[in-house]
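Trainee: I would like a close look at a single part of this protein. Where does UniProt place the feature "active site"?

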Amino acid sequence: MGSIDSTELCSEKKPNPGKATILSIGKAFPHQLVMQEYLVDGYFKTTNCDDPELKQKLTRLCKTTTVKTRYVVMSEEILTKYPELAIEGGSTVKQRLDICNDAVTEMAVEASRSCIKNWGHSVSDITHLVYVSSSEARLPGGDLFLAKGLGLSPETHRVLLYFVGCSGGVAGLRVAKDIAENNPGSRVLLATSETTIIGFKPPSKDRPYDLVGVALFGDGAGAMIIGSDPDPVSEKPLFELHTAIQNFLPDTEKTIDGRLTETGINFTLSRELPQIIEDNVENFCKKLIGKAGLAHKDYNEMFWAVHPGGPAILNRMEKRLNLSPEKLSPSRRALMDYGNASSNSIVYVLEYMLEESRKARNMNEGNNEWGLILAFGPGVTFEGIVARNLDV
């Protein structure tokens with residue numbers, strides 16, 4: 001299973017029987033749009049901090065992240081109602097979760113409705129739900145509240161992926177792929193939703209990584225419908241999910257570390273993370289495309305949908321794999337427009353990839369049919385899928 005024969009390589013971009021395909025994409029964002037150029041002054045004003053050294057450091061970080069705009073749930077209204085969120089050391093996990101739980105559900109419902117509308121089928125046709133978030137914690141989980149908000153059947157089979165971090169979107173795709181391929185006729189809704197309020201804190205010299213998060217991360221939601229053997233009349237497949245694998249790197253558990261505490265989530269990234277990804281990404285890609293039977297493919301003959309964890313990771317990948325600059329353009333655009341939106345980001349990257357693919361087609365330029373969908377998360381965990389662009 002997973003090998004590709006010569007007839008498949010010469011296909012007319014029709015999905016292979018039984019293989020999972022992405023049938024539609026949707027996204028949603030909170031109402032607060034943050035322009036990066038105004039972020040520093042706004043953040044230090046709302047947190048009542050006047051430390052010039054920290055302010056200078058955040059100013060530098062805001063430039064190096066390449067982010068231009070982001071959407072966030074945090075607002076003046078929230079800080080007016082919960083001023084303790086901007087005070088150092090307060091026990092605020094209950095307040096944060098009250099805000100986050102409602103916010104991620106609202107965004108997930110909106111993104112899912114957009115996705116279902118783009119799909120063109122009824123919500124009653126959804127048989128399975130995979131829900132991904134690292135921004136909430138409750139029982140029952142957000143999957144149930146999303147199902148309720150959409151009016152899904154009580155018979156809908158649900159899977160919940162909590163605190164998977166930046167690899168959550170691709171992990172969700174892998175799980176949805178397995179469900180779709182092992183349940184003929186099923187239609188899987190994959191929904192991701194994230195907000196940074198769970199980790200919002202005032203600046204502190206004792207937590208230097210917090211400033212990286214302030215300069216980099218954004219909020220939002222994403223959704224996709226996944227199913228095999230699409231109806232040729234009423235469904236238009238966008239990508240085929242051919243082969244998926246996951247690997248974790250031993251002894252790297254502390255590289256990406258998040259702890260839910262009384263003050264919210266404390267999150268740290270090791271400085272070594274970009275180097276760790278650079279050192280291991282090529283072997284992972286070789287393993288992935290080898291399992292799919294594409295070992296002879298040149299990297300620049302493939303498309304690349306990579307989670308935009310940050311510019312350093314993208315730059316190191318581009319250099320290590322000798323990729324042409326345009327290969328990571330959808331990832332860089334998603335980072336610039338939305339920041340690192342954790343599990344949602346891969347949805348935004350794939351949407352930009354479709355946009356660029358259609359533009360190239362309209363200009364009679366060549367497109368890469370085969371490619372990789374990649375993300376990196378806590379563990380350190382590598383998630384990867386060999387995919388085909390079916391959008392003809």
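Mentor: Two residues are in contact when they have heavy atoms within 4.5 Å. Of the contacts in the protein with a separation of 6 or more, 80% are between residues 24 or more positions apart. The model is predicted, so local features need pLDDT of at least 70 and side-chain atom pairs count only at pLDDT 80 or more, while totals for chains, interfaces and linings use all residues. Residues are numbered from 1 along each chain as its sequence is written, and side-chain values use heavy atoms, with hydrogens and water left out.

Now to your part. The "active site" feature is placed by UniProt, in an unreviewed entry, at Cys166; positions from that record are given in the numbering used here, feature names are shortened, and annotations may be inferred rather than shown by experiment. Cys166 sits in the loop between strand E5 (157–162) and helix H7 (168–182). Helices (H or I, at least four residues) and strands (E, at least two) are DSSP runs, numbered from the N terminus.

Is Cys166 buried or exposed? Its relative accessibility is 16%, so Cys166 counts as buried; the cut-offs are under 20% relative accessible area for buried and over 50% for exposed, with partly exposed in between (1.4 Å probe, protein chains only). Beyond its neighbours within four places in sequence, Cys166 has contacts with Phe217, His307, Asn340, Ser342, Ser343, Ala375, Phe376 and Pro378.

Phe376 leads on to another residue. Ile313 is in contact with Phe376, and also with Leu273, Pro274 and Ile277, when its neighbours within four places in sequence are left aside. Ile313 belongs to helix H10 (residues 311–320). Ile313 is buried because its relative accessible area is 10%. Its C-alpha atom is 24 Å from that of Leu161, a residue 152 places away along the chain.

Last, the whole protein. Buried residues are 56% of its 392 residues. The protein has 12 helices and 13 strands. Its C-alpha atoms fill a box of roughly 65 × 50 × 45 Å, taken along the principal axes.
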